[in-house]
Protein chains: 2
Amino acid sequence: MIADNASRESGEDRLIAKYFRPLARHPGAFGLVDDAAVLTPPPGADLVLKADAIVGGVHFFADDPADTVAQKALRVNLSDLAAKGATPAGFLLSLALPASVGEAWLAAFSAGLGADVEQYACPLLGGDTDRTPGPVTISIAAFGTLPQGSMVRRSGARAGDRIVVTGSIGDAALGLAARLAPEGVRRWKLTSAAAEHLTQRYLLPQPRNALAEAVRLHASAAMDVSDGLAGDLGKLCAASGVSAEIEVARVPLSAAAGAALAGEPELIETILTGGDDYEILCTVPSDRLASFHAAATAAKVPVTDIGCVQAGTAPPRFIGRDGKMLLFKRMSFSHF
Amino acid sequence: MIADNASRESGEDRLIAKYFRPLARHPGAFGLVDDAAVLTPPPGADLVLKADAIVGGVHFFADDPADTVAQKALRVNLSDLAAKGATPAGFLLSLALPASVGEAWLAAFSAGLGADVEQYACPLLGGDTDRTPGPVTISIAAFGTLPQGSMVRRSGARAGDRIVVTGSIGDAALGLAARLAPEGVRRWKLTSAAAEHLTQRYLLPQPRNALAEAVRLHASAAMDVSDGLAGDLGKLCAASGVSAEIEVARVPLSAAAGAALAGEPELIETILTGGDDYEILCTVPSDRLASFHAAATAAKVPVTDIGCVQAGTAPPRFIGRDGKMLLFKRMSFSHF
């Protein structure tokens with residue numbers, strides 16, 4: 001029992017103070033020096049709660065830039081808040097780090113996270129940092145607020161509603177495929193700009209939080225597309241007790257995905273069932289469609305009407321240009 | 001593109017439905033079939049938010065029983081809510097599982113978790129399940145409620161306040177030491193019941209949620225003891241801008257810890273600086289002490305007055321029976 005009762009600050013405390021305290025400017029985060037955070041919900045508000053983790057070697061590559069890894073971890077959660085119609089209020093971060101991760105990685109990670117804290121007005125409220133013998137594991141629990149009772153569920157779709165998606169579908173899945181097998185990019189004859197577009201879409205989701213209010217005000221059901229459009233639409237239909245028909249030719253594709261598809265028509269399955277789009281899929285009653293489109297235009301989020309909700313409980317049908325139904329080997333991505 | 005658009009349910013969906021949906025009976029969990037959960041805070045309430053993860057091989061042993069692993073993961077968070085004076089409202093679970101984990105493990109895990117959901121009235125609200133090439137990693141974000149502005153901070157301790165701890169200190173650290181080096185148990189000449197007591201205290205924390213209201217009503221500052229009494233008291237004092245003096249002879253020990261200490265006096269450092277106690281450390285103004293003790297008695301939580309808060313910013317002093325100050329090699333546990 002020699003030594004130094006004065007060195008109160010552990011290595012973990014030092015890391016938190018250096019890299020994460022600057023991201024925790026919400027008064028309820030208490031500068032990350034207390035055991036827990038406090039959130040005072042606005043009167044009449046519900047809290048929307050979401051947790052999603054990403055794991056090195058599973059959801060991102062070990063050599064991905066640390067700043068985009070941090071942003072992906074937060075954005076996959078922000079995407080859910082957006083699809084539910086909620087405004088971000090803050091998040092908790094549980095970070096498990098292998099010994100191989102040094103301060104340069106942490107500095108880049110916190111810089112990326114800090115940029116998104118600003119961009120999405122979603123402060124870091126608290127969390128913890130742990131050692132792991134496994135890969136970097138980032139667990140985020142994100143919180144949003146909305147007027148009581150107004151969360152947009154998966155279960156509200158009704159026959160006759162139109163089916164709408166934001167942005168473009170399939171880019172991230174093609175970006176991942178290209179990364180796993182670069183010869184694909186050569187076979188698809190993509191320009192380097194097109195290949196880079198797809199790669200970036202896998203690396204860094206662009207959640208549609210700007211559309212949250214429009215979804216809340218006008219959509220009958222919504223979810224974010226994270227496991228592939230086909231499978232996620234199937235889940236939304238199952239939750240709503242309805243069926244759906246999608247005109248595949250209307251599914252919005254980026255120029256890069258369109259070029260890849262032109263070179264290899266079989267890619268339509270990757271596009272429609274691959275994951276990581278982080279676009280919003282929602283159903284809108286036809287009498288709300290004009291208002292929804294106007295709100296989306298005001299929010300500068302591109303939206304495309306791709307089909308309609310139908311009565312029945314048959315799985316959603318994806319109808320090709322030839323009028324025939326597409327059949328997929330699998331409907332969506334699952335790690336299990 | 002052959003096959004079966006009808007098999008909408010992925011392996012992950014099936015696992016969640018089988019093992020976790022039964023734990024998600026809160027209406028805002030939507031049976032785990034939506035993307036997010038909803039919590040409607042009681043009028044006038046603050047939400048207290050806490051995230052803490054446990055990692056296989058770091059915070060528990062790979063062969064620990066899955067039911068107690070689940071309970072430890074939840075209870076380390078419940079312990080923080082208790083120390084802050086909050087009533088549990090629910091939690092989100094991010095579970096990363098290696099391929100080696102089978103359904104028997106998951107069944108035991110969810111049974112243990114379900115028992116605590118009942119015992120602590122803390123429903124599962126949502127979460128996600130992922131594959132990992134690393135060890136089992138369980139990240140929990142837990143939420144509590146309390147009247148607005150009433151969270152008990154670390155920073156409210158004032159000179160003259162008494163310092164109180166619940167239960168007994170050091171058991172879990174001795175249990176871990178015994179597990180890592182079983183010859184210690186022989187050297188300490190413990191009965192098998194005493195050794196088992198220490199082992200259980202490491203395996204399964206007993207958070208003091210029954211004391212939360214008493215802490216909220218009477219304590220000037222509080223935190224849970226998770227990284228060792230000495231270091232955690234140092235953090236509380238630093239946050240409050242005060243010093244403290246502890247009479248080591250008053251620190252409450254279990255019979256098992258007392259027996260070990262009698263056999264090996266040097267264990268006092270393990271007892272006072274080892275982690276995983278999950279007791280509450282709080283400071284109580286002297287004019288609230290009688291009320292606090294009465295409330296603790298009513299809550300059936302043993303509490304012990306171990307010292308007092310003092311002016312100054314010197315590190316807390318631990319004074320032995322001989323009147324001399326104990327010096328520790330390190331103040332608390334840190335993985336970094």
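The model is predicted: local features need pLDDT of at least 70, side-chain atom pairs count only at pLDDT 80 or more, and totals for chains, interfaces and linings use all residues. Residues are numbered from 1 along each chain as its sequence is written, chains are lettered from A and ligands numbered from 1 in the order in which they are written, and side-chain values use heavy atoms, with hydrogens and water left out.

**Stop 1: the interface**

Select chain A and chain B together. Contact means heavy atoms within 4.5 Å. The contact takes 83 residues from chain A and 83 residues from chain B. The two chains bury about 6900 Å² between them, with 58% of it on carbon and sulfur atoms. That area is the accessible area (1.4 Å probe) that two parts lose on being put together, summed over both.

A salt bridge is a side-chain nitrogen of Lys or Arg within 4 Å of a carboxyl oxygen of Asp or Glu. Side chains of opposite charge can pair when their charged atoms come close. The interface also has 25 residue pairs in polar contact, both residues at pLDDT 80 or more. A polar contact is a pair of N or O atoms within 3.5 Å; within protein, one must be able to donate a hydrogen and the other to accept it, and residues adjacent in sequence count only if both atoms are side-chain atoms.

Colour the chain B side next. Strand β2 (residues 45-55) of chain B gives the largest share of the side that touches chain A, 10 residues. Helices (H or I, at least four residues) and strands (E, at least two) are DSSP runs, numbered from the N terminus.

**Stop 2: strands across the chains**

Select residues 45-55 of chain A and 37-39 of chain B. These are β2 of chain A and β1 of chain B, antiparallel and joined by 3 bridges. Strands pair if DSSP finds at least two bridges between them. Leu47(A) has Leu39(B) as its bridge partner.

**Stop 3**

Select Asp35(A) and Arg154(B). They form a salt bridge, with the closest N and O atoms 3.0 Å apart. The pair crosses between chains: Asp35(A) is in the loop between α1 (11-20) and β1 (37-39) of chain A, and Arg154(B) is in the loop between β5 (137-147) and β6 (162-166) of chain B. Asp35(A) and Arg154(B) are buried. Buried means under 20% relative accessible area, exposed over 50%, partly exposed in between (1.4 Å probe, protein chains only).

Move to Asp34(A) and Lys84(B). Their side chains meet in a salt bridge at 2.5 Å, N to O.

**Stop 4: a salt bridge within chain B**

Select Arg162(B) and Asp305(B). Their closest N and O atoms are 2.7 Å apart in a salt bridge. Arg162(B) lies in β6 and Asp305(B) in β10 (residues 303-310) of chain B, so the pair ties together parts 143 residues apart in sequence. Both residues are buried.

**Stop 5: strand β9 of chain B**

Select residues 279-284 of chain B. 6 of the 6 residues of this strand are buried, so β9 is largely enclosed by the rest of the structure. One side shows Glu279(B), Leu281(B) and Thr283(B); the other shows Ile280(B), Cys282(B) and Val284(B).

β6(B) runs antiparallel to β9(B) over 4 bridges, and Val165(B) has Leu281(B) as its bridge partner. β7 (residues 221-225) of chain B is also antiparallel to β9(B), joined by 5 bridges. There, Ala221(B) stands opposite Thr283(B).
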